[in-house]
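Take a first look at the chain below.

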Amino acid sequence: MKRWGGALLFACAALIVGGCGKQSPLSPQSPASHDIAVLWWWMLAIAAVVFFGAAGMLLIGWVRRGSPGLPFVGSNERVTMGLVLTFGIAIPVVVLVALFAVANLWLVGPTGAPARGSTSMTIRVIGHQWFWEVRYPGTAITANEIHIPARTRVQVVATTDDVIHSFWVPQLNRKIDMIPGRTNRVLLYADDPGVYRGQCAEFCGLEHAHMAMKVFAQPRKRFQAWLARIGKPAAAPASAQQRRGQRLFLSNACAGCHTIRGTSARGEIGPDLTHVASRTTLAAVTMPNTARSLRRWITDPQHIKPGVKMPALDLSDADFKAIASYLNHLR
Ligand code: CUA
């Protein structure tokens, strides 16, 4: 009994906490997610009527358990059968069919794949175990942090490089699955500038929970300045230590997995690191991107994100320090 009580308490706490943070579909920031939220509240209201109606009838049955027949109608068999057919079959069929029809007619337009030519920009988002690769028109490539202009219709073309993932930014639109061999599309639109958290919504392996992203909706001019900067090749190292870090990066396994545009590093297994220092987080929003956490991450990634494809390299502390110093310079 105690154990069940504890489990119930935990489930309630999880539900309550689950609504916290900037990731709730119930604080919509786009027309599509607004429609989803309205539908959700309607469904909750109808479900509440059904639930409390059924609970009320159970309660009446329990209170009157000693007396024969029903209140008001007594034991007339035709009437009781009529009640069973009405409440047990007719009302559920009408309510479910109506909800299904309204939900589909209502949401197909705003949350479906955007019509051809109805968007001003297209970005490609590719799911990987366990990060998001983001490709912009032109040369800009980044990971896990998606910048879009606010109040602009952006088309996301979603694919996967390995298993099934699901791209979901709850405040901006519905989920869209990333399925091997398929291309799916979804609209990304933000009413206002801001940062909107997203999360992989399909179990994709050990680190599924650490496959988050952030969408930065920016005023158009700031977005364009960002895009121009991210499209440029990486900065050249500026100090002796950074030069040493770059040499180490290019001569070790790092370069086989990561690309740093403007250098000989052209790996495509891990995220593009050309402007890694300009990101606010590391390891798919697992930790803030500070000098200290970057060093911790490259020194022992398996400790922070067990199962991640990035191996721990056998280098000295000084070597890791030099590599971190070089990466920190890539703004
Ligand atoms: Cu990717 Cu779950």
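The centres of domain 2 and domain 3, taken over C-alpha atoms, are 23 Å apart. Their contact (heavy atoms within 4.5 Å) takes 22 residues from domain 2 and 18 residues from domain 3. The chain as a whole is divided into domain 1 (23–111), domain 2 (121–220) and domain 3 (240–328). These bounds come from an automatic or database domain assignment.

This is a predicted model, where local features need pLDDT of at least 70, side-chain atom pairs count only at pLDDT 80 or more, and totals for chains, interfaces and linings use all residues. Residues are numbered from 1 along each chain as its sequence is written, and side-chain values use heavy atoms, with hydrogens and water left out.

Interface size is often given as the accessible area lost when the parts come together. Between domain 2 and domain 3, about 1,500 Å² is buried, and carbon and sulfur atoms give 53% of that area. Buried area here is the accessible area (1.4 Å probe) that two parts lose on being put together, summed over both.

What holds polar atoms together across this boundary? Seven residue pairs of domain 2 and domain 3 are in polar contact, both at pLDDT 80 or more. A polar contact is a pair of N or O atoms within 3.5 Å; within protein, one must be able to donate a hydrogen and the other to accept it, and residues adjacent in sequence count only if both atoms are side-chain atoms. The interface has zero salt bridges. A salt bridge needs a side-chain nitrogen of Lys or Arg within 4 Å of a carboxyl oxygen of Asp or Glu.

On the side of domain 2 that touches domain 3, strand 2 (131–135), strand 3 (141–143) and strand 10 (212–218) each give two or more residues. Strand 10 gives the most, with four.

**The whole chain**

The chain has nine helices and twelve strands. Helices (H or I, at least four residues) and strands (E, at least two) are DSSP runs, numbered from the N terminus. Along its principal axes the C-alpha trace spans about 95 × 55 × 35 Å.

**Local details**

The structure holds four salt bridges. One joins Arg151 and Asp192, with the closest N and O atoms 3.0 Å apart. These two residues are 41 residues apart in the chain.

A cis peptide bond links Gln129 and Trp130, with omega about -5°. Trp130 sits in the loop between strand 1 (121–128) and strand 2. Asn144, in the loop between strand 3 and strand 4, has a positive phi near 65°.
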